[in-house]
Amino acid sequence: MPINVWDYLREYDELREEILAAVDRVFRSGRLVLGQEGLKFEREMADYLGVAGGVGVNSGTDAIYIALASLGVKAGDEVITVPNTAVPTVSAIRTLGATPVFVDISDDDFLMDVAQVEAAVTPRTKAIVPVHLYGQCVDIDPLMAIAERHGLKVMEDCAQSQGALYKNHQSGSIGHASAFSFYPTKVLGAYGDGGMVLSDDEAAIRLARSLRFYGMEAQYYSERHGYNSRLDEVQAAILSLKLPRIGGWIARRREIAARYNRGLAGSGLVLPRENAHSRHSYYLYVAEHPTDRDGVLERLAKRDINCNVSYRWPIHTMRGSADLGYREGQFPVAERKAQRIFSLPMYPHLRDEEVDTVIDVLKDVI
């Protein structure tokens, strides 16, 4: 049997009866969108983070641009972020007509180099989007200090960091707002798509709630330009039954990461590092091969071990971002990492013997 970088079928076997019961409950309720299941899950997520509220939306991408809009980002503004992220981070910024402004990443943790941020601030800068990549948090305290000095908003991109901690605070609970993705592969994944805006700012939550529904509020009357972006009741019900389990699932991810660390120590690979200020949730376990990443992936695939690269091309090098005016070489750390990184199989239901197989084969092919 192949060992894939991600799989959900064992999870489904474990939760099947509960999931089918939840789906049936929604179908029998007579309400398929914007009902009690969605409201319940929004409260549960807000409680999980310890913030004032949450607004369920259609996807993680929608969560980013609706969160930014709820913080006042508009066309013509600049938003500082990083080039080594999923395309949706930048796509969401551009959806609002704002301009993404990149800073490079740190060499040792793949995360925003906070020391570069202040130099990127201009009179047009409105917000900063730290991307908590692979399951680990950006050093956000100094980022909040920069934001305060310049009157900026911080919107945390938590698509990959659900359950990660920053100085014992939940990822997504410190900035002015945060955006979560419930894409199926995520630490808390739906059986479809979904996302959520969360904030401790009640005004931002009220605005996000209006923006996700055409700018409407109490009645079918648009108060402002808005969007169509709703987390449906079936996905909300499934996510609600999964949320209490993610603590155990993250603990299992950390066990797998520790097993990889032990097994691959001294192999010549550069292994991921957990920052002192963070608890890594290991959404991904990302290693580096300094010279032959693609050859290693090819040899692993021939032995039925399928890995992934997140991400092979920094955003500023893609043709879709050519109009932003960046050139190769401007962000040397992000560009170098993109040539070297790859993700090993990582999900809570991965078995120890499968992890050991990955370790043994990987050591054999590098």
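The buried residues of helix 3 are Gly60, Asp62, Ala63, Ile64, Tyr65, Ile66, Ala67, Leu68, Ala69 and Ser70.

Me: What kind of model is this, and how are residues numbered?

Reply: The model is predicted, so local features need pLDDT of at least 70 and side-chain atom pairs count only at pLDDT 80 or more, while totals for chains, interfaces and linings use all residues. Residues are numbered from 1 along each chain as its sequence is written, and side-chain values use heavy atoms, with hydrogens and water left out.

Me: What caps the N-terminal end of helix 3?

Reply: Serine 59 does, with a side-chain oxygen 3.4 Å from the backbone nitrogen of threonine 61. Just after the helix, glycine 72 has a positive phi of about 100 degrees.

Me: Is serine 229 buried or exposed?

Reply: Serine 229 counts as buried because its relative accessibility is 0%. This residue sits in the loop between helix 6 (202-211) and helix 7 (233-242).

Me: Which side chain does serine 229 meet in a polar contact?

Reply: A polar contact is a pair of N or O atoms within 3.5 Å; within protein, one must be able to donate a hydrogen and the other to accept it, and residues adjacent in sequence count only if both atoms are side-chain atoms. Here the partner is the side chain of aspartate 62, at 2.6 Å. The serine 229 side chain also reaches the backbone nitrogen of asparagine 58 at 2.9 Å.

Note on methods:
Buried < 20%, exposed > 50% of the residue type's maximum accessible area, 1.4 Å probe, protein only. Helix = DSSP H or I, 4+ residues; strand = E, 2+ residues; numbered from the N terminus.
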